[in-house]
Every structure is written in C-alpha cells, then in structure tokens.
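Colleague: I want to check the labels on this model. Give me the value, the cut-off and the conclusion each time.

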Amino acid sequence: MSYPTMPSTPTQQEPARPPRNGLGTTGFVLGLIGLIFSPIPIVGVVAWPLVILGVIFSAIGIARTRSGAATNKGLSIAGLVLSVIGLVVCILWVAVIGKAASDVVNQANKTITISYDAGGDAKGATVDYSTFSNGSFSDSTNPVTLPWHKQVQASGFASGGTLTVSAGESGGTVSCKVTVDGVVKNQESATGPFAVANCSNF
C-alpha cells in the first residue's frame with residue numbers, strides 16, 4: 001500500500017539578530033566626557049574613572065566588531081582614541097600637581113642667607129630691618145654709623161626680609177641693599193633731610 005506523499009514545507013530560518021553596538025557607543029560617550037573634564041583643575045578628578053571605563057568599553061566594542069557582533073567599529077575606535085588622550089591628560093595633571101607640591105615642600109624646607117647693607121654719608125642714620133622666617137617676622141631698629149652690614153639666616157615658605165635706611169634732620173645720602181644667597185635682590189638710595197631708602201626681596 002502506498003501513502004500519498006505530503007508536500008515538504010520549507011524550513012523557516014531564524015531572523016538575523018541586530019548588531020549590538022551598545023558597548024562601543026558607551027565607550028565613545030565616556031571617552032568624550034572624560035576628555036572634556038580631564039584638563040579642568042579639581043573637576044578633572046572625575047575624568048579618571050570615565051576615561052578608564054571608556055578604554056575598556058571601547059576595546060570590547062572593537063573586539064565585537066571584529067567578531068561581527070557589532071557594526072560601529074569607527075565609533076569604537078574614536079572612543080578608544082578619546083579615552084586614551086583623556087587618560088594621558090589626567091596623568092600629566094598628576095605629574096604637574098606632584099611637581100608643584102614637591103616645589104612647595106622644598107621651598108618650605110629651604111634655608112637662605114639674607115645680607116642687609118646700609119651705606120651713605122648721613123650722620124645719625126637709622127636702620128630698620130625685618131626678617132620673615134618660619135612664618136613670623138623679627139624686627140630691629142637701630143641708630144647706626146654708616147656703612148652698616150647684617151647677615152641673617154631665614155627658612156620657610158616665602159622667607160625674606162626688608163631694610164629701611166633713614167637719614168636724620170641734618171640730611172645726607174643713604175642707601176640700602178638686600179642680598180639673598182649672594183644675589184642682589186634690591187638696592188636703592190636717597191638724598192636730603194629725612195631721606196629714606198627702602199629695599200626688600202619680597
């Protein structure tokens with residue numbers, strides 16, 4: 001006995017899955033935002049996680065385009081480039097801030113030699129000098145016979161000194177000079193009754 005043959009039905013193919021481009025797009029967005037924030041002082045701290053995640057997501061996005069699971073290869077590459085540039089900017093900021101902090105510490109620990117020199121021919125001249133060291137001022141005012149010299153040590157951030165030489169009522173010429181570690185920072189002169197010469201290295 002023969003049975004009638006049933007017509008064969010064509011097998012249905014599964015519809016192709018749409019490409020999943022989310023990771024590459026996310027990497028691009030994170031890289032772009034991170035790059036925008038990275039050069040901004042203080043605010044740039046938030047750029048660190050953004051650019052690092054941008055590198056990771058963009059790299060995964062590129063790998064997915066190679067396996068055919070995604071189609072946004074150009075966007076993923078752009079995200080990787082932006083993220084890497086943002087990361088470099090962040091690293092440069094850390095280096096700059098570290099250098100600045102090191103300079104401040106070195107300046108705070110540095111000891112300098114300040115020389116005060118007063119000259120001229122005024123009789124009864126008065127010398128007033130002030131030294132800033134370790135966060136405080138020390139002052140001294142003395143009638144002197146010109147020429148006059150004083151040397152002191154100072155340390156701490158923004159250390160330095162000022163010198164004022166004043167002539168008396170009889171007048172004459174007065175001059176001042178402030179030298180720091182052998183380098184002349186300031187010098188002035190004045191002539192006449194009650195003439196005043198003022199020097200500083202600030």
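Modeller: Start with Ile60, which is found in helix α2. Bear in mind that the model is predicted.

Colleague: Why is Ile60 called partly exposed?

Modeller: Its relative accessibility is 36%. Buried means under 20% and exposed means over 50%, with partly exposed in between. So Ile60 counts as partly exposed.

Colleague: Which residues form the nonpolar surface patch?

Modeller: Leu23, Ile52, Leu53, Ile56 and Ile60. Together they have about 370 Å² of accessible area. Patch members need over 30% relative accessible area, and Ile60 has 36%.

Colleague: Which element gives the most to that patch?

Modeller: Helix α2, residues 47-67, with four residues.

Colleague: On to the core. Which residues touch the most other members?

Modeller: Leu163 and Val174, in the largest nonpolar core, which has 24 residues. Strands β1 (111-120), β2 (126-133), β4 (148-155), β5 (160-166), β6 and β8 (196-200) each give two or more residues to this core. As a general point, nonpolar side chains tend to be buried together in soluble globular proteins.

Colleague: How do you know that Thr179 is buried?

Modeller: Thr179 has 11% relative accessibility. The cut-off for buried is under 20%, so Thr179 counts as buried. Thr179 has its place in strand β6, residues 173-180. Beyond its neighbours within four places in sequence, Thr179 is in contact with Thr113, Ile114, Ser115, Val184 and Lys185.

Colleague: How many aromatic pairs are there?

Modeller: Two, from a search of the whole structure.

Colleague: What makes the pair of Tyr116 and Tyr129 tilted?

Modeller: The ring centres are 5.2 Å apart and the planes are at 40°. Pairing needs centres within 6.5 Å; planes under 30 degrees apart count as stacked, over 60 as edge-to-face, the rest as tilted. So this pair is tilted. Tyr116 is in strand β1 and Tyr129 in strand β2, 13 residues apart, and the pair links distant parts of the chain.

Colleague: What is the geometry of the pair formed by Tyr129 and Trp148?

Modeller: The centres are 5.6 Å apart, with 40° between the planes, and this pair is tilted. Trp148 is in strand β4, 19 residues from Tyr129. Tyr116, Tyr129 and Trp148 form one aromatic cluster.

Colleague: Why are Tyr129 and Trp148 called buried?

Modeller: Tyr129 has a relative accessible area of 11%. Trp148 has 16%. Buried means under 20%, so both labels hold. Tyr116 is buried as well.

Colleague: Which residues have a positive phi without being glycine?

Modeller: Asp181, with phi near 50°, and Phe194, with phi near 60°. Most residues other than glycine have a negative phi. Asp181 lies in the loop between β6 and β7 (183-191). Phe194 is found in the loop between β7 and β8.

Colleague: Why is Phe194 called exposed, and Asp181 partly exposed?

Modeller: Phe194 has 56% relative accessibility. Exposed means over 50%, so Phe194 counts as exposed. Asp181 has 40%. That value lies between the cut-offs of 20% and 50%, so Asp181 counts as partly exposed.

Note on methods
Residues are numbered from 1 along each chain as its sequence is written. This is a predicted model: local features need pLDDT of at least 70, side-chain atom pairs count only at pLDDT 80 or more; totals for chains, interfaces and linings use all residues. Side-chain values use heavy atoms; hydrogens and water are left out. Patches are made of residues with over 30% relative accessible area and no salt bridge: like charges are joined within 9 Å, nonpolar side chains (Val, Leu, Ile, Met, Phe, Trp, Tyr) within 5 Å. Accessible areas come from the Shrake-Rupley method with a 1.4 Å probe; for residues, only the protein chains shown count as cover. A salt bridge is a side-chain nitrogen of Lys or Arg within 4 Å of a carboxyl oxygen of Asp or Glu. Buried means under 20% relative accessible area, exposed over 50%, partly exposed in between (1.4 Å probe, protein chains only). Contact means heavy atoms within 4.5 Å. A nonpolar core is a set of buried Ala, Val, Leu, Ile, Met, Phe, Trp, Tyr and Cys residues joined through side-chain atoms within 4.5 Å. Rings of Phe, Tyr and Trp (its six-membered ring) pair if their centres lie within 6.5 Å; planes under 30 degrees apart count as stacked, over 60 as edge-to-face and the rest as tilted.
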